[in-house]
Amino acid sequence: MNIQNKICKIGTALFLAIGVIGCTPKKESVSTHTVNDGNYTGIGTGYNGYVTVSASFRNGMLTNVIVTNEEETDAVSDAALTKIPEYVIDEQSLNVDVSTGATQTSKAVLEAIGNAITAANGNVEEWQKDCTGKNKEKVIEEESDVTVVGGGAAGIATVLRLQEKGYKTSLIEKDSEIGGSLRYYASSGQIVAGSTKANLEDVDSASTLAENITAYSNQTNSPTLSQLFEDHIGETVDWQSKILGITFDKKAGYVPTDGLSLKSVMTYDESSGEIDDLLQKEVKVSGSNVYTNTGIIGLRYDENGKVIGVRAKKSNGDIVETTSKYVVLATGTSAGNLNLIPDRDRNSNYLGLTTNTGDALALARDAEHPYQIEDGSVVYNYLGYSVRDITLDTYLATKAVLEKGVALVNNTGERFIDETEPYNQISEAIHNQNNATSYLVMNEDVYEEWKKKLLSTATITKADVKYLQSMYGIVPFSGGTLSEAALSADLDAQKLVQTINYHNFEIEASSTNTMGKIDPDKPTCIIPLNKYRYETTGGLKVDDHLNLLDSSGTSTLNVFAAGSIAGNVFGEKMPGGAGLAWAFVSGKYVADEIVSALQEK
């Protein structure tokens with residue numbers, strides 16, 4: 001649930017100085033080439049886009065390579081981006097070992113260096129000495145009952161349920177730590193309908209959940225998966241509460257959510273600690289073998305074509321080969337991978353983990369893994385604020401200063417919703433403004449407090465914080481008065497002043513309204529809001545038990561999908577609180593399916 005997403009896209013715009021800065025080649029084993037001295041740029045075509053390098057030459061030798069730009073998959077491509085330049089410099093040859101699982105990235109680096117050689121008036125044919133076989137990657141072999149790929153909520157639920165039942169797991173996670181999106185969401189929550197043992201007062205039944213999801217999605221979802229969701233949500237919430245120790249914020253109460261019954265969604269109670277910390281500790285004590293900074297590069301098959309585990313790659317280049325009776329793919333949304341979303345959505349801002357690249361979905365597009373794909377949609381929120389390639393969600397910051405005076409207006413200068421409404425309702429209301437820009441209006445002193453809160457609730461790098469705090473960072477439209485600020489934002493000043501004056505009158509006339517007033521005669525700031533993508537529906541096509549379907553439509557009985565990557569439970573629209581609820585439901589469900597199968601054997 002994205003009641004508030006405090007994520008900020010980090011790392012994509014960093015200047016990646018990778019490789020062997022200052023490294024010199026092994027002179028005793030190489031010869032010089034005919035090439036100009038100096039620094040030259042080369043470009044190669046990688047898996048996700050172009051890879052650009054800056055190569056330095058001196059006295060006929062390649063002395064340094066820096067990868068200056070790339071959009072390759074984290075963890076899987078790291079070794080290729082760091083090791084390949086090192087190999088080429090050491091051997092003074094382009095004919096070196098490529099990085100397993102990152103062949104296209106390796107080739108892109110070699111192509112880019114080759115193009116830099118050409119730019120330096122060199123001949124790439126002189127750089128073809130066979131140096132393969134010198135840099136073999138280390139292989140780590142791992143055996144367990146079940147391999148789980150993806151350490152977000154769905155993967156964690158699978159691991160913890162299997163551990164509870166006494167089975168050994170291996171957990172593969174591409175990020176530096178497990179937790180997935182739970183690590184970056186503030187005020188997260190989920191659907192709790194149907195719970196009977198979590199002591200939730202007057203919680204709604206789940207009896208209409210599938211029907212509500214189908215109606216909300218305009219009948220674009222999978223009715224079978226929505227029904228599975230409905231059938232298992234209640235027992236899953238009870239399991240979360242009793243076994244995992246997850247509690248819900250009864251003080252805050254139920255969160256009204258479009259498309260769902262009134263008492264269906266609650267936020268997590270994090271008064272005694274954040275939920276991601278809780279689950280990380282649970283996994284740590286579960287005995288699961290966890291491999292972080294490790295991305296899947298393929299499934300492993302026996303001679304009969306049966307899946308027997310996975311192949312994954314650590315960021316240091318080591319290969320992890322698991323052997324397991326069952327595999328669960330829980331690699332999450334593909335919203336961060338431009339190659340896996342429709343063309344019409346590629347120009348949108350993205351707010352989410354940089355590792356959300358739909359790796360299991362990408363595998364299904366490979367001929368070696370011919371599994372079916374279920375089309376879906378990109379899911380948006382509309383409370384974003386973007387600077388360069390950094391996107392922030394404004395909800396928590398705005399909520400924190402409501403008592404000081406904030407108004408949300410559309411491009412005609414009119415208020416269209418009460419600013420105290422829940423997150424998803426405000427986002428939907430902004431969306432309904434005919435895709436026109438909406439704005440936050442506040443006095444300058446309130447803006448300064450809002451800005452501090454905005455930065456404190458976003459998980460971003462220190463460099464990004466420093467930039468956003470600078471005079472070039474968050475720069476709103478502003479003026480010495482409300483009218484001047486309106487003119488700066490190209491809004492109808494007369495209409496906006498009229499709107500704010502009436503808003504102030506309503507606040508004064510109400511004995512219960514706790515919102516603050518905006519002084520139209522004081523310096524004022526106006527902040528434009530934008531939409532951002534954060535989730536995708538659709539994924540790997542599955543059967544009624546979440547087993548993957550191969551190209552012939554046959555169920556792969558020992559391979560499951562869980563979480564966002566599993567089927568198309570939500571269609572074109574996802575209700576608030578549904579994403580995390582489905583992650584826990586599907587994760588627990590596939591674990592129970594595996595336990596039943598193992599017990600039968």
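Q: Why is the contact between the side chains of E321 and R311 called a salt bridge?
A: The N to O distance between E321 and R311 is 3.1 Å. A salt bridge needs a side-chain nitrogen of Lys or Arg within 4 Å of a carboxyl oxygen of Asp or Glu, so this pair qualifies. E321 sits in strand β13 (residues 319-323) and R311 in strand β12 (residues 307-314), so the bridge ties together parts 10 residues apart in sequence. Helices (H or I, at least four residues) and strands (E, at least two) are DSSP runs, numbered from the N terminus. This is a predicted model, where local features need pLDDT of at least 70 and side-chain atom pairs pLDDT 80 or more, while totals for chains, interfaces and linings use all residues. Residues are numbered from 1 along each chain as its sequence is written, and side-chain values use heavy atoms, leaving out hydrogens and water.

Q: What makes E321 count as buried or exposed?
A: Its relative accessibility is 17%. Buried means under 20% relative accessible area, exposed over 50%, partly exposed in between (1.4 Å probe, protein chains only), so E321 is buried. R311 has 26%, so R311 counts as partly exposed.

Q: How do you know that R388 forms a salt bridge with D464?
A: The closest N and O atoms of R388 and D464 are 3.9 Å apart. That is within the cut-off, so the pair counts. R388 lies in the loop between β17 (378-387) and β18 (390-393), and D464 in helix α11 (residues 462-469), so parts 76 residues apart in sequence are tied together. R388 is exposed at 51%. D464 is buried at 10%.

Q: What makes the meeting of E449 and K404 a salt bridge?
A: The N to O distance is 2.8 Å. E449 belongs to helix α10 (residues 444-456) and K404 to the loop between α8 (395-400) and β19 (407-409), so the pair links parts 45 residues apart in sequence. E449, at 35%, is partly exposed. K404, at 42%, is also partly exposed.

Q: How many salt bridges does the structure hold?
A: There are 19. A network of salt bridges links R161, E164, E235, K588 and D592.

Q: What makes β10 and β25 the edge strands of the sheet?
A: The sheet is open, with six strands in the order β10-β7-β6-β14-β26-β25 and mixed pairing. β10 (289-291) and β25 (547-549) each pair on one side only.

Q: How do you know that β7 and β10 pair?
A: Three bridges join strand β7 (residues 169-172) to β10. Pairing takes at least two DSSP bridges, so these strands pair. They run parallel. L171 has V290 in β10 as its bridge partner.

Q: Which strands does helix α3 touch as it packs on the sheet?
A: Helix α3 (residues 153-164) touches β6 (146-149), β7 and β14 (326-329). Contact means heavy atoms within 4.5 Å. Helix α14 (residues 578-600) also packs on the sheet, touching β6, β14 and β26 (555-561).

Q: What lines the second largest cavity?
A: Its lining is L299, L329, A360, L363, A364, H369, Y371, L540 and L548. Helix α7 (residues 359-364) gives the most, with three residues. On a 1 Å grid over the protein atoms alone, a cavity is a set of points where a 1.4 Å probe fits but cannot get out, and lining residues have an atom within 4 Å of a point.

Conventions
Axes fitted to C-alpha atoms, helices over the stretch in contact; angles between N-to-C directions. 1 Å grid on protein atoms, 1.4 Å probe; cavity = no way out; pocket = protein on both sides within 12 Å on 5 of 7 lines; lining within 4 Å.
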